Amino acid sequence: MESVQDPGVSPSPLPVLVNDLGTQTDDEPLTQYSISSKALSPVAFDELRRYRCFVTPQGWVLALDPASCQTFLCRPQDGERIQLPPKEQGFPESCKCLLSDMPGAASGSSVVVFDLDDNEMWVCKIGATNWDSHRYEPSMFVKGRIPQLTNIAMGHGIAAVGGRIYFELTAREMGVIDFNGKEGLKLDTIEVDMVDLPLSIRMASMYLVESSGELFLVVIFFDGENVHKIANHAVYKMDFSEPKWCEVDEIGADRVFLLGGDRLGISCFGASCSAGDHGLGGNCIYFLNHVPTTTKSFLHVIDLKTGTEEARRPFITHNGYHMMPVRSPFWLLPTESTLQAQGSFMLLISLYGVNFYIS
């Protein structure tokens, strides 16, 4: 069982994992696990208690006031806020949120919320006065079969690099959402072969990660059908000049990747941060493996330099009993940014192999 910090001690440094037990216990319902100190403590980020929150891979948290539907971005390490316009209605139950770029980027930054249960997304450029809703219908065509619709964010790796959002699409194409075009938001594809997976592997989970302005793909291979036991892993970096995925042995001496959380195989959350600034060893992947139908949450620590793996059980509570959280554990991340405010479209794109309709 992990140690619990005294309430008077300073909160754990980010990044942390957050577990929400709701009203199932008289203890602190929101608990955070520091991956650097391996200690549990009450969550110090009050917005998680007061608002509906969506964590982004860039560290900023989108918050929505359920009563007024007012929205804002908040930075967990210091509480700094960026005000956003109210939304006419709240967001659906299952969503995923990203920023197209860090706030203050020269080309501007947009907050994007994807509905994981429907082909709809909402976009608000920082500094704008409203949220824009867009429906899309990306169809994957398989020879001799009926076109199959796909959701951009559900069950797919997705990451923002240089003002564009990239997502897994087909074995030969990646989807791209471009926010910097003259005509506004644009959906497109790039031709790139997906990495080959060993035929002996029955189950795997894939994650796209932006790190220091580069795009990575991480593949976690499971041992048969046991999703809590890792058989192997692979890391690839995108060479946009080709484009192609190139397998790499390391991610950087001062970088860590933070994967998983939410629902295994559904949201495919992937992020990165500095290692040295947060008391972590570099060249490591922290993979939270949570199966929503059980109380089991495993945190796998993969050291790419040594080739070793450590499995932790961060949320064992109440004398060793595991309790089902009211929502899946999730990451709270550090971020770096300076603020700069700035201000969408109907288009049809028909592309070989994939059709995109967006309004």
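Which residue in β8 does threonine 71 stand opposite? Select threonine 71 and look across: leucine 84 is there. That pair opens the tour.

**Before you click**

This is a predicted model, in which local features need pLDDT of at least 70, side-chain atom pairs count only at pLDDT 80 or more, and totals for chains, interfaces and linings use all residues. Residues are numbered from 1 along each chain as its sequence is written, and side-chain values use heavy atoms, with hydrogens and water left out.

Strands here are DSSP runs of E with at least two residues, numbered from the N terminus. Two strands pair if DSSP finds at least two bridges between them.

**Stop 1**

Select residues 61-64, which form β6. Four bridges join β6 to β7, and the two run antiparallel. Find leucine 64; its bridge partner in β7 is threonine 71. Six residues lie between β6 and β7 in their hairpin. In that turn, cysteine 69 has a positive phi of about 60°.

Now color β7 (71-74). Thr71 and Leu73 point one way, Phe72 and Cys74 the other way. In a regular strand, side chains alternate between the two faces of the sheet. All four of these residues are buried, where buried means under 20% relative accessible area, exposed over 50%, and partly exposed in between (1.4 Å probe, protein chains only).

Move on to β8 (81-84). Four bridges join β7 to β8, again antiparallel. Their hairpin has six residues between the strands, and glycine 79 takes a positive phi near 75° there.

Stay in this loop and select arginine 75. Is arginine 75 buried or exposed? Arginine 75 counts as buried because its relative accessibility is 8%. Show its side chain with that of glutamate 80: a polar contact of 2.3 Å joins them. (A polar contact is a pair of N or O atoms within 3.5 Å; within protein, one must be able to donate a hydrogen and the other to accept it, and residues adjacent in sequence count only if both atoms are side-chain atoms.)

**Stop 2**

Select β15 through β18. They make an open sheet of four strands in the order β15-β16-β17-β18, with antiparallel pairing. The edge strands are β15 and β18 (186-191), each pairing on one side only. The twist averages 30° from one strand to the next, using axes that are lines fitted to C-alpha atoms and angles that run from 0 to 180 degrees between N-to-C directions. Zoom in on β15 and β16 (residues 164-168): four bridges hold this pairing.

Next, select β19 through β22. This is an open sheet of four strands too, ordered β19-β20-β21-β22, with antiparallel pairing. β19 (204-211) and β22 (244-248) each have a single partner strand, so one side of each is left without a neighbour in the sheet. Here the twist averages 35° from one strand to the next. Five bridges join β21 (residues 226-239) to β22.

**Stop 3**

Go to the loop between β21 and β22 and pick proline 243. A cis peptide bond joins glutamate 242 to proline 243, with omega about -10°. Another cis bond joins leucine 14 and proline 15, with omega about 5°. Proline 15 sits in the loop between β1 (3-4) and β2 (16-20).

Serine 212 is in the loop between β19 and β20 (214-223). Its phi is positive, about 50°, although it is not a glycine. Serine 212 is exposed, at 55% relative accessible area. Asparagine 283, in the loop between β24 and β25 (284-290), also has a positive phi, of about 60°. Asparagine 283 counts as buried, at 7%.

**Stop 4: the second largest pocket**

About 500 Å³ of space lies in the second largest pocket. A pocket is an open set of points on a 1 Å grid over the protein atoms alone, where a 1.4 Å probe fits, with protein on both sides within 12 Å along at least five of seven lines; lining residues have an atom within 4 Å of a point. Grid points are joined across faces, edges and corners, and a volume is the space filled by probe spheres set on the points.

Of its 23 lining residues, select the closest to the centre: Gln58, Met102, Glu210, Arg255 and Ser272. β15 (158-161) and β24 (270-274) each give two or more residues to the lining. β24 gives the most, with five.
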